[in-house]
Each structure stands twice: as C-alpha cells, then as structure tokens.
Amino acid sequence: MGLDELFGLGGKVALVTGGAAGIGRGIARALAAAGATVAVADLDQRGAEDVARTLGGRAIGLRADVSDEGAVQGLVDAVCDRLGALDVLVNNAGIYPSSPIAETTVAEWDRVMAVNLRGPMLCTREAARVMRARGGGGAIVNLSSMAGFHPCFPGMAQYCASKGGLVMLTRSAALELAPEGIRVNAVCPGGVETEGTRENLESGLRDVLTPRIPLGRVAVPEDIAGAVVFLAGPAARYVTGTTLVVDGGYLIS
Ligand SMILES: NC(=O)c1ccc[n+]([C@@H]2O[C@H](COP(=O)([O-])OP(=O)(O)OC[C@H]3O[C@@H](n4cnc5c(N)ncnc54)[C@H](O)[C@@H]3O)[C@@H](O)[C@H]2O)c1
C-alpha cells in the first residue's frame with residue numbers, strides 16, 4: 001500500500017468539534033492536509049469560519065454547542081446537507097475548569113459532564129445515525145486525556161472523571177458500532193499548549209510539567225493531530241476501541 005492509501009483521507013468528510021482553537025484547529029488542519037473536506041464546529045462561530053477559510057477547499061465553519069441535543073442534531077444534518085456525507089467525527093470540544101471537590105457546585109459538575117461526556121455521546125449518536133443510513137462505515141476519534149488514566153492535579157476531579165468516562169464511552173461505542181463498520185478510538189494527550197492552557201503554562205505549570213515529560217517539552221497541537229489522522233484513516237482500519245496516549249512519555253515516568 002502507498003502512503004496515500006494508508007493515511008490519505010481524500011473524498012472523506014470530517015467534522016471536528018471545538019475546531020476554532022487549540023488542538024481542534026490543529027486536527028482540522030491535519031485532516032484537510034490529508035485530503036478530507038472538513039467541517040469545523042465551535043461555540044465560537046466566527047472562529048470556526050476563520051479556521052475553515054484557512055483550510056480552503058469546501059471547508060465550512062458552523063456554530064454548535066455540543067452539549068445541546070438539538071444543536072448537535074442540527075449540526076450533523078447541516079454537515080450532510082452541505083458536504084454530502086459524514087465519514088469522520090472528531091469529538092474534541094472540551095472544557096477544563098478547576099475546582100476543589102469540597103467547593104464544586106452541582107452546576108459546575110454538570111457543565112463539565114455536559115460538554116466533555118454528553119457532547120461526545122450526542123455527536124456519536126447522531127454521526128452513527130447518518131453513517132448507518134449511508135450503509136455503514138466511518139471513524140470516530142474522541143479527545144480524552146492522560147487525565148482519563150491518572151489524576152492530573154488537585155482541583156481537576158470533575159475533568160479527570162469526565163475524561164475517564166470518555167475512555168469507557170469510546171470502548172463501549174466501539175463494541176456496539178463495530179458490526180456497522182464504524183470504528184471508535186480515543187487519543188489521550190498529555191499537556192498541550194493551546195489558547196485554553198497558555199496562561200497556566202506561562203504562570204508556572206510548564207516548569208512543573210516539563211521535568212516529568214521524558215521527551216522534554218509540553219506538546220503543541222500538531223503533536224496530537226497526527227495520531228488523529230492515523231486513527232481516522234485506512235491505516236487504522238483494523239483498530240477500534242483503543243486509546244492512543246500522546247503524552248511525550250509522561251505516564252511512564
Ligand atoms: N490542552 C491540553 O493540555 C489538553 C490535554 C489533554 C486533553 N485535552 C483535550 O483536548 C480538547 C481540546 O483542548 P484545547 O486545549 O485545545 O482547548 P481550548 O480551550 O484551547 O479550545 C477548545 C475549543 O472548544 C470550543 N468549545 C468549548 N466548549 C464547547 C462546546 N460546548 N461546544 C462546542 N465547542 C466548544 C471552544 O470555543 C474552543 O474553541 C479538550 O477536549 C481537552 O480536554 C487538552
């Protein structure tokens with residue numbers, strides 16, 4: 001098999017949630033570079049449209065809150081109407097507010113679970129609906145975290161619980177959707193410099209993390225995107241229900 005046959009996504013339509021910034025934007029760029037037509041969805045509509053414009057081709061940007069059932073149904077239908085299909089879903093949108101357990105409110109807990117866990121479930125459900133209607137086949141990649149395996153810091157219990165839940169949602173959905181040829185996998189990044197983490201990294205977090213990372217540095221979004229392209233494409237055609245840790249070795253140190 002040639003490289004294109006292994007890693008190319010020509011003719012495929014991919015949807016990336018939370019694609020206006022950070023890791024999602026890096027993934028959208030990498031999927032487009034691999035040949036996919038990309039739909040970028042985000043709470044930030046202008047940001048999603050700006051990223052789509054940089055991707056060229058038929059890329060589109062759309063506003064959607066992944067925690068909102070009606071919005072997710074509308075999003076998946078809009079992608080199919082405007083781009084003709086949905087072959088690859090990347091559940092990337094996520095939030096990571098910090099709050100000690102003793103002070104966490106029900107509203108804070110519910111919001112983290114709604115975005116980080118309900119969102120991927122809704123997007124998976126709706127993507128599977130349209131993939132099934134087109135005869136089956138497709139790839140879903142969930143952005144979990146090394147925090148799904150290892151508590152990152154005090155104050156992050158709700159985040160870690162949501163990412164641990166996403167690992168199990170990945171494996172359960174993979175089992176259930178395999179008969180329809182829909183593969184479901186997760187990528188679990190370590191610390192990545194993005195709009196969402198930059199401030200904390202610059203105010204001391206980078207100095208705490210770096211000595212514990214065997215590869216010696218915090219990641220950038222491009223370090224994560226290749227793993228997503230691999231799991232989305234033909235090279236991973238026999239891979240489902242797995243979690244690919246992309247953390248510079250943090251979890252083995
Ligand atoms: N940055 C890291 O160190 C790191 C590490 C491991 C895992 N992750 C995971 O990777 C993903 C992306 O992280 P990031 O650092 O790039 O985040 P970020 O905050 O830089 O960007 C997230 C994007 O998602 C969008 N978003 C937030 N809530 C949304 C919602 N309800 N619906 C639609 N869009 C929404 C935001 O508008 C933003 O554009 C998250 O799931 C995060 O948990 C990040």
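1. Threonine 197 is in contact with Tyr96 and Val192, leaving aside its neighbours within four places in sequence. The model is a predicted one. Threonine 197 sits in the loop between strand 6 (182-189) and helix 7 (198-209). Its relative accessibility is 18%, so threonine 197 counts as buried, the cut-off being under 20%. A polar atom of the threonine 197 side chain lies 2.9 Å from the backbone nitrogen of threonine 194.

2. Strand 1 (residues 13-17) is largely enclosed by the rest of the structure, because five of its five residues are buried. Val13, Leu15 and Thr17 lie on one side and Ala14 and Val16 on the other, and both faces are covered. In a regular strand the side chains alternate between the two faces of the sheet.

3. Which strands are joined to strand 1 by bridges? One is strand 2 (residues 37-42), which runs parallel to strand 1 and is joined to it by five bridges. Here leucine 15 stands opposite alanine 39.

4. Aspartate 247 comes in the segment after strand 7 (243-246). This residue is buried and has no salt bridge. Arginine 212 is the nearest side chain of opposite charge, at a distance of 10.0 Å; the cut-off for a salt bridge is 4 Å between a side-chain nitrogen and a carboxyl oxygen. What does the side chain of aspartate 247 reach instead? It reaches the backbone nitrogen of glycine 249 at 2.8 Å, and that of leucine 251 at 2.8 Å. Not counting residues up to four places away in sequence, aspartate 247 touches Met146, Pro189, Gly190 and Ile213.

5. Arginine 212 itself is in the loop between helix 7 and helix 8 (221-232). With 38% relative accessibility, arginine 212 counts as partly exposed. His150, Tyr250 and Ser253 are touched by arginine 212, not counting residues up to four places away in sequence. Between the C-alpha atoms of arginine 212 and alanine 147 the separation is 15 Å, and the two residues are 65 residues apart along the chain.

6. The whole structure has twelve salt bridges. One of them joins arginine 125 and glutamate 69, whose closest N and O atoms are 2.8 Å apart. This pair links distant parts of the chain, with arginine 125 in helix 5 (residues 106-133) and glutamate 69 in helix 4 (residues 69-83), 56 residues apart. Arginine 125 is partly exposed at 34% relative accessibility, and glutamate 69 is partly exposed at 40%.

7. A salt bridge also joins arginine 129 and aspartate 77, with the closest N and O atoms 3.1 Å apart. Arginine 129 is in helix 5 and aspartate 77 in helix 4, so this pair ties together parts that are 52 residues apart in sequence. Arginine 129 is partly exposed, with a relative accessible area of 33%; for aspartate 77, also partly exposed, the value is 33%.

8. Arginine 132 and glutamate 180 meet through their side chains in a salt bridge of 2.5 Å, N to O. Arginine 132 is in helix 5, while glutamate 180 is in the loop between helix 6 (157-177) and strand 6, 48 residues apart. Arginine 132 has a relative accessible area of 43% and is partly exposed; glutamate 180, at 25%, is partly exposed. Salt bridges that share partners join Glu69, Asp77, Arg125, Glu126 and Arg129 into one network.

How values were computed
Residues numbered from 1 in each chain as written. Predicted model: local features only at pLDDT ≥ 70, side-chain atom pairs only at ≥ 80, totals over all residues. Heavy atoms only, no water. Helix = DSSP H or I, 4+ residues; strand = E, 2+ residues; numbered from the N terminus. Buried < 20%, exposed > 50% of the residue type's maximum accessible area, 1.4 Å probe, protein only. Lys, Arg positive; Asp, Glu negative; His and termini not counted. Polar contact = N/O pair within 3.5 Å; in protein donor to acceptor, adjacent residues only side chain to side chain. Contact = heavy atoms within 4.5 Å. Pairing = 2+ DSSP bridges.
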